[in-house]
Amino acid sequence: KEVSVRSILKTPLAAPTMLFVLVLLIATVLSLSPWVSFWGTAVRRTGTYTYLSCLVFFAVMAASIRSERQVHRIVTVAILTSVPICLYGIQQRFSTGPIITLESGIFRVGSTFGNPVFLAAYLIMILPLTLARILLRLREVLSSGDQPTREVVQAVLYGLIAFLQLWTMALTISRGPLVG
């Protein structure tokens with residue numbers, strides 16, 4: 001099924017998204033520093049360009065994902081990409097990583113995100129997906145009559161990933177994302 005501009009404009013999020021883009025562009029143009037508003041600061045680089053890029057990425061995904069299998073694949077990729085991020089954070093905590101930072105005498109892990117709060121916020125969004133996979137695998141184990149070794153192995157692996165996510169989240173020492 002082809003996606004047309006008309007069908008995209010009929011979606012519930014189209015009007016609020018266009019309003020957001022309009023406000024974002026007006027704010028950028030009327031800013032005291034339009035260059036910084038568009039490109040972002042040197043530290044974070046989150047300006048109008050980044051927001052627009054994320055919106056384009058989201059639109060492409062929303063327009064191209066059509067099956068439940070594709071959604072499962074994306075969730076799997078999201079969960080699996082958290083593994084190296086967590087491993088790097090744990091490595092960073094034990095001062096064996098290439099980047100070591102001390103913040104106010106307390107070592108807070110930032111992993112590849114650079115900021116502990118950003119890392120914890122990311123993990124708090126990925127953790128429910130991992131927990132859902134564990135529950136799905138356990139439900140499959142309980143519902144099937146024969147020996148579901150594949151589902152058990154997957155449940156154990158997802159459990160290990162959830163443990164890594166929780167451990168790394170604890171190492172961020174960030175209360176805000178945990179409250180969220």
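These legends walk through a few close-up views of a predicted model. Local features are described where pLDDT is at least 70, side-chain atom pairs count only at pLDDT 80 or more, and totals for chains, interfaces and linings use all residues. Residues are numbered from 1 along each chain as its sequence is written, and side-chain values use heavy atoms, with hydrogens and water left out.

**View 1. Helices α6 and α7 pack against each other.** Here α6 covers residues 116-143 and α7 covers residues 149-172; helices are DSSP runs (H or I, at least four residues), numbered from the N terminus. Their axes sit 8 Å apart at an angle of about 160 degrees, where axes are lines fitted to C-alpha atoms over the stretch in contact, and angles run from 0 to 180 degrees between N-to-C directions. That makes the two helices, α6 and α7, roughly antiparallel (the word applies to angles over 145 degrees). The crossing of α6 and α7 is left-handed, meaning the near helix is turned anticlockwise from the far one by less than a right angle. Sorted by class, the contact of α6 with α7 has 18 nonpolar, six polar and four charged residues. In this sorting, Ala, Val, Leu, Ile, Met, Phe, Trp, Tyr, Cys and Pro are nonpolar, Asp, Glu, Lys and Arg are charged, and the others, Gly among them, are polar.

**View 2. Glu140 and Arg137 form a salt bridge.** Both residues belong to helix α6, three residues apart, or about one turn of the helix. A search of the whole structure turns up one salt bridge. Glu140 is partly exposed at 32% relative accessibility, while Arg137 is buried at 15% (buried is under 20% relative accessible area, exposed over 50%, partly exposed in between, using a 1.4 Å probe and protein chains only).

**View 3. Helices α2 and α4 make another packed pair.** Take α2 (residues 14-29) and α4 (residues 48-64): their axes are 10 Å apart, at an angle of about 165 degrees. The pair α2 and α4 is therefore roughly antiparallel, and the crossing of α2 and α4 is left-handed.

**View 4. Thr41 sits in the loop between α3 (34-39) and α4.** Thr41 is partly exposed, with a relative accessible area of 42%. From its C-alpha atom to that of Leu131, 90 residues apart along the chain, the separation is 36 Å.

Notes. Angles under 35 degrees count as roughly parallel, over 145 as roughly antiparallel, 65 to 115 as roughly perpendicular and the rest as oblique. A salt bridge is a side-chain nitrogen of Lys or Arg within 4 Å of a carboxyl oxygen of Asp or Glu.
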